[in-house]
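Please have the structure at hand as you read.

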Amino acid sequence: EIRNVLVLCTGNSARSILGEALFNLHGEGRVRAYSAGSKPKGVPHPGAFRLLTRKGIDTASFRSKSWDEFSGPDAPPIDLAITVCGNAAGEVCPVFLVSPLKAHWGLPDPADVDGSEAEVDAAFEETWRLLEMRVKAFMALDLAGIDKAQTQAALAEIGTMEGAA
């Protein structure tokens with residue numbers, strides 16, 4: 001059973017923060033999401049906070065943190081680790097070793113967008129849309145009715161949805 005989801009990328013400032021928010025928003029009490037990075041930037045991207053605020057989500061609990069927090073004895077057990085780095089862009093995705101299920105849902109990094117605040121916000125909105133599509137597809141799975149291999153295959157298929165990087 002998947003209860004705790006860890007959304008990973010390198011900096012833990014944009015995509016993984018949005019993923020954590022979306023899983024907790026759509027998780028319907030079935031899943032609890034966290035996010036982390038292999039090389040955390042230390043602070044979430046202002047564009048991520050602006051988007052969360054526009055969506056009515058309190059940003060107080062979001063912070064950029066190392067995945068080391070999830071490998072210690074006091075860490076919550078992680079049932080599913082999802083990387084959201086863009087392999088196509090040459091990003092190196094972290095590999096989280098202590099999770100029974102892993103998925104790669106690569107997306108372009110909205111934090112890489114240079115431009116006006118409106119252009120940056122549009123990039124974050126698009127990332128939100130693409131991630132929300134994936135999270136909703138995941139939440140629609142009948143996890144009780146499928147085995148680990150079928151779950152792994154479904155997770156991989158979700159990763160290839162529109163916008164995959």
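1. Let us start with a charge over a ring: Arg 32 lies over the face of Tyr 34, 4.6 Å from the ring centre. The term applies if NZ of Lys or CZ of Arg is within 6 Å of the ring centre and within 35 degrees of the ring normal.

2. A word on the basis: this is a predicted model, where local features need pLDDT of at least 70, side-chain atom pairs count only at pLDDT 80 or more, and totals for chains, interfaces and linings use all residues. Residues are numbered from 1 along each chain as its sequence is written, and side-chain values use heavy atoms, leaving out hydrogens and water.

3. The structure holds three aromatic pairs (ring centres of Phe, Tyr or Trp, the latter by its six-membered ring, within 6.5 Å; planes under 30 degrees apart are stacked, over 60 edge-to-face, the rest tilted). Phe 23 and Trp 105 are stacked, because their ring centres are 6.0 Å apart and their planes meet at 20°. Phe 23 belongs to helix 1 (residues 15–26), while Trp 105 sits in the loop between strand 4 (101–104) and helix 3 (117–139), 82 residues apart.

4. Phe 23 is buried at 1% relative accessible area (buried is under 20%, exposed over 50%, partly exposed in between, with a 1.4 Å probe and protein chains only). Trp 105 is buried too, at 0%.

5. Tyr 34 and Phe 70 make a tilted pair, with 5.5 Å between centres and 55° between planes. Tyr 34 is buried at 17%, and Phe 70 is buried at 7%.

6. Finally, ring pairs join Phe 23, Trp 105 and Phe 138 into a cluster.

Note on methods. Helix = DSSP H or I, 4+ residues; strand = E, 2+ residues; numbered from the N terminus.
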